[in-house]
Amino acid sequence: MITCYTGWSRGADTEWRFQCQSRGINVVICTKSSADKQTIEEGKEKIRKANQTLKRNVEKYLNFLALNWLQIKNSKLVIAIAPLIEPGKTGKKVWVNRCKYAMADGGTAYALQMAIDEQIPIYIFDTVTSKWKNFSKEKNNWQDSTFPPSIKENFAGIGASDLTENGKLAIEDVCNLSFPKKKWNLPIEPGPIYCHICTEDKKAKTDQDGLLWCSYCETYLGVVAIGDNGVHIQLNQ
Ligand SMILES: [Zn+2]
């Protein structure tokens, strides 16, 4: 079973979560509570190492940035959706790109540089040019990729918190290619599910997209997906 590691932010993280969950792909949201102390310490070292290339001011944000390591650590592939900032240029988030190659704006840069340091394959959808690129170890630079990445193993799905429309479509494209939605043959009746609005176990119903609704007050409760291990339910929290 494939797992998508992502963050807790709005934008790309949320879209990865939605697209994967609605296809029955396991999603792990990497937060402070999902990390043990040792992994956080390991993460701090990896951030310091990444910062030898990024050359930003990290010490103040080290605990926070270290959580990015949780996304990279168990991934065989990293897919980022973000604007690429050329060397020497300043991104929207005020950081100057001091690398020799183009780099993502904002915090995504740390995850990407850690993946480069660990030699994990990386793809980025550059939302500025609407192009897929992958990082070439030999060239130590990005190169255009004819095709979007194909996901066969555990991966990190990450990117900008202010996700653009083309970025959102790129996530959907990648998920459509690797995890096509299975057809709904039968109406799925998940039975009574706790509804936080009715505050009772009410009968839930699914629609054609596999979204799960309270049949009493129509509140959106989560998604039902058909994955490799059959039908499973992810409740909205
Ligand atoms: Zn309800």
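1. Glutamine 19 sits in helix H1 (residues 12-21). Helices (H or I, at least four residues) and strands (E, at least two) are DSSP runs, numbered from the N terminus. Not counting residues up to four places away in sequence, glutamine 19 touches Ile171, Glu172 and Cys175; contact is defined by C-beta atoms, placed from the backbone, that lie within 7 Å. Glutamine 19 and valine 174 are 155 residues apart in sequence, yet their C-alpha atoms are 9.5 Å apart in space.

2. A word on conventions. This is a predicted model, in which local features need pLDDT of at least 70, side-chain atom pairs count only at pLDDT 80 or more, and totals for chains, interfaces and linings use all residues. Residues are numbered from 1 along each chain as its sequence is written.

3. On the overall layout, the protein is divided into domain 1 (3-178) and domain 2 (192-235), with bounds that come from an automatic or database domain assignment. Taken over C-alpha atoms, the centres of domain 1 and domain 2 are separated by 31 Å.

4. Now for the sheet. An open sheet of seven strands runs in the order S2-S1-S9-S3-S6-S7-S8, with mixed pairing; two strands pair if DSSP finds at least two bridges between them. Strand S2 (26-29) and strand S8 (141-144) are at the edges and each has a single partner strand, so one side of each is left without a neighbour in the sheet. On average, neighbouring strands of this sheet are turned by 25° against each other, direction ignored. For such angles, axes are lines fitted to C-alpha atoms, for helices over the stretch in contact, and angles run from 0 to 180 degrees between N-to-C directions.

5. Strand S3 (residues 77-82) deserves a look of its own. Five of its six residues are buried. S3 pairs in the parallel sense with strand S9 (residues 155-159) over five bridges, and with strand S6 (residues 122-126) in the parallel sense, again over five bridges. Isoleucine 81 stands opposite glycine 159 in S9, while its bridge partner in S6 is phenylalanine 125. S9 also pairs in the parallel sense with strand S1 (residues 3-6), over two bridges; there, tyrosine 5 stands opposite alanine 156.

6. What packs on the sheet? Helix H5 does, touching S3, S6, strand S7 (131-136) and S9, and its direction makes about 150° with that of S3. On another side of the story, the axes of helix H2 (residues 37-54) and H5 come within 9 Å and cross at roughly 95°. That makes H2 roughly perpendicular to H5, a label that covers 65 to 115 degrees (under 35 is roughly parallel, over 145 roughly antiparallel, the rest oblique). Residues of H2 that meet H5 include Lys46, Ile47 and Leu54, and their counterparts in H5 include Ala109, Tyr110 and Asp117.

7. The largest nonpolar core has 49 residues, of which Val78, Ala80, Ile81, Ala111 and Leu112 touch the most other members. Such a core is a set of buried Ala, Val, Leu, Ile, Met, Phe, Trp, Tyr and Cys residues joined through C-beta atoms within 7 Å. Helix H5 (residues 108-117) gives the most to this core, with six residues. Leaving aside neighbours within four places in sequence, leucine 112 is in contact with Val78, Ala80, Met103, Ala104 and Ile122. A second, separate core of seven residues includes Ala204, Cys214, Leu221 and Val223.

8. Alanine 115 is also found in H5 and is buried, with 23 other C-beta atoms within 10 Å. Beyond four places in sequence, alanine 115 is in contact with Ile72, Val78, Ile120 and Ile122.

9. Two backbone angles are worth a check. Most residues other than glycine have a negative phi. Asparagine 140, in the loop between S7 and S8, has a positive phi near 50° and is exposed, with 11 other C-beta atoms within 10 Å. Glutamate 218 has a positive phi of about 70°; its place is in the loop between strand S12 (211-214) and strand S13 (220-227), and with 11 C-beta neighbours inside 10 Å it counts as exposed.

How values were computed:
Buried ≥ 20, exposed ≤ 12 C-beta atoms within 10 Å, placed from the backbone. Contact = placed C-beta atoms within 7 Å.
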